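The exercises below are to be worked with the sequence and the coordinates at hand. Each task is followed by a stepwise solution.

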Amino acid sequence: MTPWLTVVGIGEDGFKGLGKNARRALLSASRIVGGQRQLDLLPVCIRGERQLWPSPFSLAPVLEQRGTAVCVLASGDPMFYGVGASLARQVPSDEMLILPAPSSCALAAARLGWPLQDVVTLSLVARPLAALNAQLFSGVRLLLLSNDGQSPAAVAGLLRERGFGGSRISVLEHLGGDAERRIDGIANDWNAPAIADLNVIALECLADADAPRLSRLAGLPDSAFRHDGQLTKRDVRAITLARLAPTPGELLWDVGAGCGSIGIEWMRAHPSCRALAIEADEGRQQLIEHNRDALGVPGLQLVCGRAPQALAGLERPDAIFIGGGVTREGVFETCWEQLKPGGRLVANAVTLQSELALMNWRERHGGELTRIHVAQAQPLGEFDTWRQALPITLLDLVKPLDA
């Protein structure tokens, strides 16, 4: 099939910067869809009908024209946080031709002399700034697609708040065009003049000497979370997450989430990991909302309610952690029923009654029981002794593929 839809990436240099194929597609298109800024870059020789994206944004103006010669204009590389990625989910690949221009991040890396494969890229366009918290490590280089001209100041403020005030910031405006400009500074002293909405922020992260060091590996310090005591403690949390085994793109149910520590660390394992935190207590719901933002996973979804009732209608998970409510009628059964075949279920128990529930479930469905004992050295007069935490019983099982 000859593609009816062509997605053309256009840079700040406009029509003159386009290749032969892109120019030909625009000249022959019956309709051209794009934002006002992209459409204004076209010369008068382009005769196709020009159409703005609707507000609120919708792909309907393009999809309704299936079979006619349509061009979509996008900034830079349409497949890099662009409309090309959205269209690719709706239009078969053999019906669409994508002609990219250099992305703004590619241009920024070229200006800075940064090898692009060694740089972490993140979009702040219509996304929570809190997602940046998960990327802050000393020595890391970041390229951020700004939401608008206020983004650099907001990023500098977040860096100061998180103990990265010594980080270097470079803001690059209008990359590839006549108005291109670069502004350099330090987060602690950032006080830049007015900045164009079209900008990329480059960060060279430098942690303050007293900044907390938060690994991506499971088992963050308990002090990294706000909590009311209902927290899966660090060592038990690391073991629990190892058994849950997060892999890219998977969904976790954190049932009886407490302060959200399991779901948060699950999502920190990979940017595409997702989690639903199911919690009935209002105070703990507020703790979850704080912790998810502070630790850089604002996409964690909070489900306010008590299991099993709150589980109705939720997307089926790849893994489930039951941290509270194992003795409540219907919790185990509902979780097991909704868990995808091949999925993992991990439940922790601290009381005799909850431990008995785990043992009974193991008799019916198999799995592995593990008793976890953790002791810490603490003062006893002039000496030290071991203080034993309450033992934890952990049930770990995998749902059969034919279940």
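**Exercise 1. Aromatic pairs**

How many aromatic pairs does the count come to? Classify the pair Phe-80 and Tyr-81 and the pair Trp-336 and Trp-361 by ring geometry.

Solution. 

Step 1. The model is a predicted one. The count comes to four aromatic pairs.

Step 2. A pair of aromatic rings is described by the distance of the centres and the angle of the planes. Centres within 6.5 Å make a pair, and planes over 60 degrees apart make it edge-to-face.

Step 3. For Phe-80 and Tyr-81 the ring centres are 5.0 Å apart and the planes stand at 75 degrees, so this pair is edge-to-face. Phe-80 is partly exposed because its relative accessibility is 24%. Tyr-81, with a relative accessible area of 42%, is partly exposed.

Step 4. For Trp-336 and Trp-361 the centres lie 6.1 Å apart and the planes are at 80 degrees, so the pair is edge-to-face.

**Exercise 2. The surroundings of Trp-336**

Decide whether Trp-336 and Trp-361 are buried or exposed, then list what else is placed at the ring of Trp-336.

Solution. 

Step 1. The cut-off for buried is under 20% relative accessible area. Trp-336 has 9% relative accessibility, so Trp-336 counts as buried. Trp-361 has 3%, so Trp-361 counts as buried.

Step 2. Ring pairs join Phe-332, Trp-336 and Trp-361 into a cluster.

Step 3. Lys-399 has its charged end over the ring of Trp-336, at 6.0 Å from the ring centre.

Step 4. Trp-361 is also touched by Gly-366, as are Leu-395 and Leu-397 when residues up to four places away from Gly-366 in sequence are not counted. Gly-366 sits in the loop between α11 and β16 (368-372). Its relative accessible area is 27%, so Gly-366 is partly exposed. The C-alpha atoms of Gly-366 and Asp-396 are 9.0 Å apart, although 30 residues separate the two along the chain.

**Exercise 3. The largest nonpolar core**

Which residues touch the most other members of the largest nonpolar core, and which element gives the largest share of this core?

Solution. 

Step 1. The core has 30 residues, and those that touch the most other members are Phe-225, Leu-244, Leu-252, Trp-266, Leu-295 and Leu-300.

Step 2. Two or more residues come from each of α7 (234-244), α8 (261-268), β12 (274-279), α9 (282-294), β14 (319-322) and β19 (392-398). The largest share, four residues, is that of α8.

Step 3. Beyond four places in sequence, the contacts of Leu-252 include Leu-244, Ile-262, Trp-266, Leu-276, Ile-320 and Phe-321.

Step 4. Another core, of 25 residues, lies apart from this one; Ile-320, Val-326, Leu-339 and Leu-358 are among its members.

**Exercise 4. An annotated range and a loop histidine**

Which residues does UniProt list for the tetrapyrrole methylase domain, and where is His-174 found?

Solution. 

Step 1. The unreviewed UniProt entry lists residues 5-183 for "domain: Tetrapyrrole methylase".

Step 2. His-174 occupies the loop between β8 (168-173) and β9 (181-186). At 22% relative accessibility, His-174 counts as partly exposed.

Step 3. Contacts of His-174 beyond four places in sequence are Glu-12, Ala-179, Glu-180, Ala-196 and Leu-198. The C-alpha atoms of His-174 and Val-200 are separated by 8.8 Å, with the two residues 26 apart along the chain.

Methods
Residues numbered from 1 in each chain as written. Predicted model: local features only at pLDDT ≥ 70, side-chain atom pairs only at ≥ 80, totals over all residues. Heavy atoms only, no water. Core = buried A, V, L, I, M, F, W, Y, C linked by side-chain atoms within 4.5 Å. Buried < 20%, exposed > 50% of the residue type's maximum accessible area, 1.4 Å probe, protein only. Contact = heavy atoms within 4.5 Å. Phe/Tyr/Trp six-rings, centres within 6.5 Å; stacked < 30°, edge-to-face > 60°. Lys NZ or Arg CZ within 6 Å of the ring centre and 35° of its normal. UniProt positions renumbered as here; feature names shortened; annotations may be inferred.
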